[in-house]
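Hi,

Here is the structure I promised to pass on. Have a look at it first, and then read my notes below.

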Amino acid sequence: MYAHDIIIRPIVSEKSYEMMEQNRYTFEVHRDAKKEQIAAAIEEIFGVRVEKVNTMNVSGKPRRLRYNKGLSRSWKKAIITLKAGDTIDLYAGR
C-alpha cells in the first residue's frame with residue numbers, strides 16, 4: 001500500500017482540534033493498515049517524526065431512511081502523537 005492509500009483524511013472536530021495543542025493529530029485510515037504502516041505513511045507525507053500511534057475501529061451508527069433500516073459505514077481512526085518540536089499544518093494549501 002502507498003502512503004496516500006493508508007491516510008484517507010484528517011478528522012477535524014472540536015475534540016481533535018484541542019488535541020492538536022498537545023501535538024496529537026487524528027486521521028481516518030485504511031481499515032487494514034497496521035500501526036507501523038500508519039506511522040511510516042505520516043512520516044513520509046508530512047515529514048515529521050511519529051512518537052506513538054493509537055488506533056480504534058469506529059462502528060457504523062444505526063440510520064433510517066423512511067421504512068428502510070441500515071447502518072452508516074464503519075471506519076478506522078488513528079490518533080498520532082508527534083515528537084516534541086514537530087507539527088503538521090493541516091491548512092497549508094488553503
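Predicted model: local features only at pLDDT ≥ 70, side-chain atom pairs only at ≥ 80, totals over all residues.

Asn 23 turns out to be buried, because its relative accessible area is 14%, and the cut-off for buried is under 20%. You'll find Asn 23 in the loop between helix H2 (14-19) and S2. A polar atom of its side chain lies 3.1 Å from the backbone oxygen of Lys 83. Leaving out residues up to four places away in sequence, Asn 23 touches Ile 80, Thr 81, Leu 82, Lys 83, Ala 84, Gly 85, Asp 86 and Thr 87.

Now for the sheet. It is open and has four strands in the order S1-S2-S6-S3, with antiparallel pairing. Strand S1 (7-10) and strand S3 (50-58) are the edge strands, each pairing on one side only. From one strand to the next, the twist averages 30°.

Going through the pairs:
- S1 and S2 are joined by three bridges, and Arg 9 stands opposite Glu 28 in S2.
- S2 and S6 are joined by six bridges, with Tyr 25 opposite Ile 80 in S6.
- S3 and strand S6 (residues 75-82) are joined by eight bridges, and here Val 53 stands opposite Ile 80.

S2 is mostly covered, with five of its six residues buried. Helix H3 (residues 35-46) lies across S1, strand S2 (24-29), S3 and S6, and runs at about 120° to S3.

In soluble globular proteins, nonpolar side chains tend to be buried together. Here the largest nonpolar core has 19 residues, and Ile 7, Phe 27, Ile 38, Ile 42 and Ile 80 have the most contacts inside it. Helix H1 (3-6), S2, H3, S3 and S6 each give two or more residues to this core. H3 gives the most, with four residues.

What does Ile 80 touch, not counting residues up to four places away in sequence? The list is Asn 23, Arg 24, Tyr 25, Phe 27, Ile 38, Ile 42, Val 50, Lys 52 and Val 53.

Cheers

Methods
Residues numbered from 1 in each chain as written. Heavy atoms only, no water. Pairing = 2+ DSSP bridges. Axes fitted to C-alpha atoms, helices over the stretch in contact; angles between N-to-C directions. Contact = heavy atoms within 4.5 Å. Core = buried A, V, L, I, M, F, W, Y, C linked by side-chain atoms within 4.5 Å. Buried < 20%, exposed > 50% of the residue type's maximum accessible area, 1.4 Å probe, protein only. Polar contact = N/O pair within 3.5 Å; in protein donor to acceptor, adjacent residues only side chain to side chain.
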